[in-house]
Structures are given as C-alpha cells and as structure tokens.
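Colleague: I am new to this structure, and I would like to learn how to read a few of its features with you.

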Amino acid sequence: MTDSTSPLYREAADSATSQARLAEIAAAHHELHPVIAGNPSCYPALIEWMLQLGTIAPVIASPAVAPAVIAPATEPAASASVNPYAQPGQAQAGQAQPGQTPKRPRKKLLIWGSIGVVVLLVAGGGIWAYGAIFSKLGGASSPTAAVEKLLEGTADMDLISLYGSLSPAEIESFKAPIDQLGTIAMDDENGDPVDMPELINTVVDSLNITLTGLELESEDIEEGIAVVTITAGEMTMNGDAETITDAYLEVVAPQLRLQQESWDYDDSDTDSMIADLRESSIDELNDMLPYTQTAADLADSLGHDASIVTVREGGSWYVSPLLTTGENILQSGSNARGSLAAEGDVASFDTADAAAEGFAEAVIAFGENGDYGDLAAVLPEAERRFLSLYGDALMPTDGDGDYDNLQITDFAVTPQIEGNTARLDIDSIVIEGDGYNWPYRTEFNGVCVTTDSGYSSFDGCLDDASWMKELGADSWRVLSVQEKNGWFVSPMRTVADVTGVAVDNLVRLSQDGKLDRLYQ
C-alpha cells in the first residue's frame with residue numbers, strides 16, 4: 001500500500017508540483033498514478049497515458065474538466081502509446097492532424113552490435129530534462145514491438161526513444177547520474193568550453209545507417225519475459241571519419257594532456273602522441289566505413305542468432321539490458337536457463353536493516369551451497385529475474401560453494417531512509433568461519449574492510465586512494481529499496497547511487513576547474 005505520509009506521495013498530490021515533475025513521478029512510480037490523477041495540476045495527456053496503461057480507471061466527469069479517476073483498473077491495457085507529455089490541444093505522437101493522411105511508418109533500421117556505443121552517447125548527452133523525454137517512454141504493446149522501438153531509436157540516433165524502450169526497473173535509477181553528466185564543464189585544448197550537446201549532434205549528423213529485410217521472432221520463456229531473435233536483415237553504417245575522430249579528441253585530448261603532465265611528459269611528446277592518435281583513428285575508421293553486416297554474419301560470429309530479451313512491466317513491454325546480456329552469454333555456452341523464483345519463495349523483509357542482514361546471510365549461504373535461486377530470492381525484482389535465469393550461465397557452481405561454516409558474529413547497520421530507498425551506513429559487520437581450509441575473518445566498517453585468513457591479511461578503505469576520495473568514496477553506501485514484497489538490498493541500485501555520487505563530484509571538480517586532482 002502507498003504510504004500517504006511519504007515525501008513522494010505528498011509531492012504527487014501537491015497542486016504546486018510542476019507538470020514536468022508529475023510526469024517524472026508517473027514514469028517511475030505507477031503505484032502513485034491514482035494520486036497523480038487526482039492532482040489538479042495533472043494535465044489531460046498524462047491522465048490519458050495512465051488510463052491506457054491501466055493503472056487508473058475512468059469515471060463519468062464533466063466535459064469541461066479532465067477525466068477523473070478513482071482507483072487502479074483491474075485489467076491493465078497492453079500498451080500506452082499516447083504522448084503523456086503533450087499539452088492540451090497538442091496532437092498525440094503518431095496521430096494525424098485534422099485533414100492529414102496518417103503516414104506509414106518507414107522501415108526500421110538497425111545498428112548490429114552498437115547498442116553499447118549509443119548508450120555511451122546517451123550518457124555523454126544526458127542533457128534532456130526528464131519531462132522532455134517522457135513523451136517517448138511508455139514501452140510497447142508486444143515483445144517484438146519493444147525491440148522495434150529500440151532498433152528504431154538506435155538507427156535514427158533518437159537517443160530519447162532508445163532510452164524509453166529500456167526496462168524502467170533496470171535503468172530508472174541511472175537517470176540522475178546520466179542527467180548530471182550533461183552538466184560536466186570541460187574545456188577543449190584551447191581552453192574554450194566544450195558544448196557537449198552540439199558535439200553529440202555533430203557526430204549523430206555525420207552518421208548514416210540503413211537496414212533492409214529485418215525479421216524478428218518472439219518466444220515466451222517465462223510469464224512476462226520473452227526472447228526476441230533477429231533472424232534476418234542487413235545493416236550498413238557510414239560516417240565521416242574526421243568528424244567522429246575530432247569530436248572524440250575534443251573531449252579526450254585535454255584529459256590525456258592532464259594525464260601526461262602528471263607523468264612528467266613534455267608538451268611536445270604529448271602533442272605528437274595526440275597527433276598520432278588522430279591520424280591512426282581516422283585511418284582505422286576509413287578502413288572500416290562503410291560497414292556492412294548481415295544477421296547471418298552476426299550469427300556466425302556469435303555462434304547463435306542475436307537475441308534481445310524483453311520484459312513486461314506496468315502492462316507494457318520493454319527491452320531488458322540485464323537479461324539480454326545473460327541470454328547471449330547463455331546461448332554461447334552449454335548451460336541451461338534457470339527458472340524465475342516462485343512468488344512464495346521470494347523473501348519478505350519488513351525493514352531496510354532486516355533486508356541487509358538477510359542479504360548478508362544469503363551471500364554466506366551461497367558461498368556454502370552455490371544455489372543461485374536462494375540468493376536471487378533476497379534481491380529486488382530486476383536483479384532477481386536476472387540471477388535466477390542466468391546465474392548458472394554466468395558462473396556455474398555445480399551446486400557447491402567454496403566456503404564452509406561461515407557465520408555473522410556481529411551485524412549493525414543504520415539505514416538513512418528517504419521514500420522507498422534506504423542508504424545503509426555499515427556500523428559493523430563481522431563474518432567468521434573457514435574458507436579453502438583455513439580460518440577466515442572479515443570485518444566491514446563504513447567503507448573500510450579488514451580481512452585475516454591466517455594465510456594472508458588485508459586492511460584498507462575505499463577512499464585510501466586520493467582519486468577515489470575526490471570522487472566521494474567515503475560517502476558510498478549500500479542501498480536497500482522497498483518493493484511490494486518488502487525491503488531488498490539492491491546491488492544494481494547501489495551501483496547507480498555510487499555512480500551518482502562519483503558523477504556529482506566529477507561535475508564539481510569540472511566546474512571548479514580542478515579535474516587535474518584525479519591525476520595527482
């Protein structure tokens with residue numbers, strides 16, 4: 001049940017909350033849709049989007065006002081294609097204006113194997129306010145439609161659409177650090193500020209991508225999870241080698257120069273190195289471009305057809321980066337896919353600190369029995385489905401661990417709770433037992449760890465290195481999150497939070513002109 005006393009609930013209900021912020025909350029917290037719909041500031045397009053998603057139900061209302069809602073709908077709709085960020089009177093995305101003939105969707109394009117590159121561009125260009133991208137979120141009506149949306153966004157270099165095709169449960173927590181990356185202040189080699197949005201647009205405009213004969217097949221592997229296989233298609237990508245290289249060096253060269261200075265290299269040596277790097281990069285790109293690859297070529301290199309895994313969340317389908325990684329690793333080996341944890345097997349922790357202790361106990365149990373299913377049961381949904389389906393494919397254990405008789409002899413954490421997230425201060429966690437036939441003891445305090453195995457020992461902290469301290473390592477914390485089954489420690493959200501702290505400090509250093517501290 002939604003907590004009406006939480007700050008997020010109050011913000012969703014507050015008429016002073018901006019429309020952009022309401023859109024942001026609606027994207028991340030479907031359970032608050034009835035609250036948002038009852039907010040006088042909620043605009044019709046957002047209500048229509050929530051109605052299509054099936055998270056609110058309509059009631060009879062005056063034509064003069066936006067549709068009212070009273071409760072979540074019992075049967076969620078298959079998709080929500082309406083633009084939730086359209087203002088009153090604005091046509092919805094994909095709808096024809098009065099008097100216009102609807103346009104046929106043009107052929108979808110594809111960049112084989114380049115999704116990682118585009119994600120990097122998204123990270124480098126995290127300059128869009130969340131409200132501005134909300135119109136391209138909302139998932140798709142089927143697994144193949146979700147993959148087509150991803151491929152369309154990739155091929156069109158429409159980074160916002162690409163972002164919106166990915167699983168919210170997996171990428172929502174990375175939104176803040178991505179947005180922050182766009183505020184990093186960087187100078188080029190002449191000391192002039194780098195306009196990152198303009199730089200990214202320059203690279204995007206220099207690329208041309210075409211695809212013919214794209215064919216997809218879908219297979220359900222679990223309830224709400226489907227594998228989409230790319231069975232046919234040919235992609236050609238071309239671009240201007242000098243434009244791409246110069247954009248890359250505009251960002252990288254100043255950092256290379258700082259690094260070289262920290263190593264006492266002469267400016268002339270650095271100039272020569274950067275010039276050589278530019279020349280070799282242009283030559284390599286000219287040799288590669290235009291680049292053409294067929295689905296059959298890709299399948300030959302992978303040893304299997306390229307697969308993209310999709311998941312159903314909130315009534316719509318999205319691409320899952322986590323499960324896609326696991327599926328392609330699985331198909332490259334001989335291990336079988338696992339099964340999702342049954343609802344009754346999922347752990348239930350009433351508090352954030354109880355979730356932390358339960359997670360620590362599950363890790364210890366995994367060290368003894370190597371059972372990914374038990375470990376997955378104490379994780380949030382996104383990580384649970386990944387580990388239960390693909391844990392054995394990534395790191396087979398044969399049902400046996402390497403440690404025996406481990407136990408927690410001291411456990412004390414202090415959760416700092418904000419809404420449905422808790423950052424855990426580790427006061428003291430002590431684990432003792434036997435590992436690899438010798439005594440073992442590890443103690444965690446804050447960001448410090450002391451280990452003594454009788455064979456070797458270690459004592460250190462994350463912020464011992466100066467560059468780690470500059471990136472805020474002393475404030476890195478493990479995160480616990482609240483879902484419908486209770487609280488769970490989330491490794492993925494922890495990584496996102498650590499990334500956010502590091503990016504915040506990176507931005508601070510860049511805006512203060514002190515990035516050179518990272519090289520000292």
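Colleague: Which side chain is joined to that of Thr442 by a polar contact?

Modeller: Bear in mind that this is a predicted model. Here the side chain of Thr442 makes a polar contact of 3.3 Å with the side chain of Thr451.

Colleague: Where is Thr442 found, and is Thr442 buried or exposed?

Modeller: Thr442 is part of strand β10, which covers residues 438-445. Because buried means under 20% relative accessible area, Thr442 counts as buried at 3%.

Colleague: Which residues does Thr442 touch, if those up to four places away in sequence are not counted?

Modeller: Thr442 touches Ile429, Val430 and Ile431, and also Val449, Thr450 and Thr451.

Colleague: How should I read a disulfide, and which cysteines form one here?

Modeller: In general, a disulfide is a covalent bond between the sulfur atoms of two cysteines. In this model the count comes to 1 disulfide, formed by Cys448 and Cys461 with their sulfur atoms 1.9 Å apart. Cys448 lies in strand β11 (residues 448-452) and Cys461 in strand β12 (residues 457-461), so the pair ties together parts that are 13 residues apart in sequence.

Colleague: Why is the disulfide of Cys448 and Cys461 described as right-handed?

Modeller: The disulfide is right-handed because the torsion about the S-S bond of Cys448 and Cys461 is about 100°.

Colleague: What is the relative accessible area of Cys448, and how does Cys461 count by its relative accessibility?

Modeller: Cys448 has a relative accessible area of 26% and is partly exposed, while Cys461, at 25%, also counts as partly exposed. Cys42, by contrast, is buried, with a relative accessible area of 7%.

How values were computed: Residues numbered from 1 in each chain as written. Predicted model: local features only at pLDDT ≥ 70, side-chain atom pairs only at ≥ 80, totals over all residues. Heavy atoms only, no water. Disulfide = S-S within 2.5 Å. Helix = DSSP H or I, 4+ residues; strand = E, 2+ residues; numbered from the N terminus. Buried < 20%, exposed > 50% of the residue type's maximum accessible area, 1.4 Å probe, protein only. Polar contact = N/O pair within 3.5 Å; in protein donor to acceptor, adjacent residues only side chain to side chain. Contact = heavy atoms within 4.5 Å.
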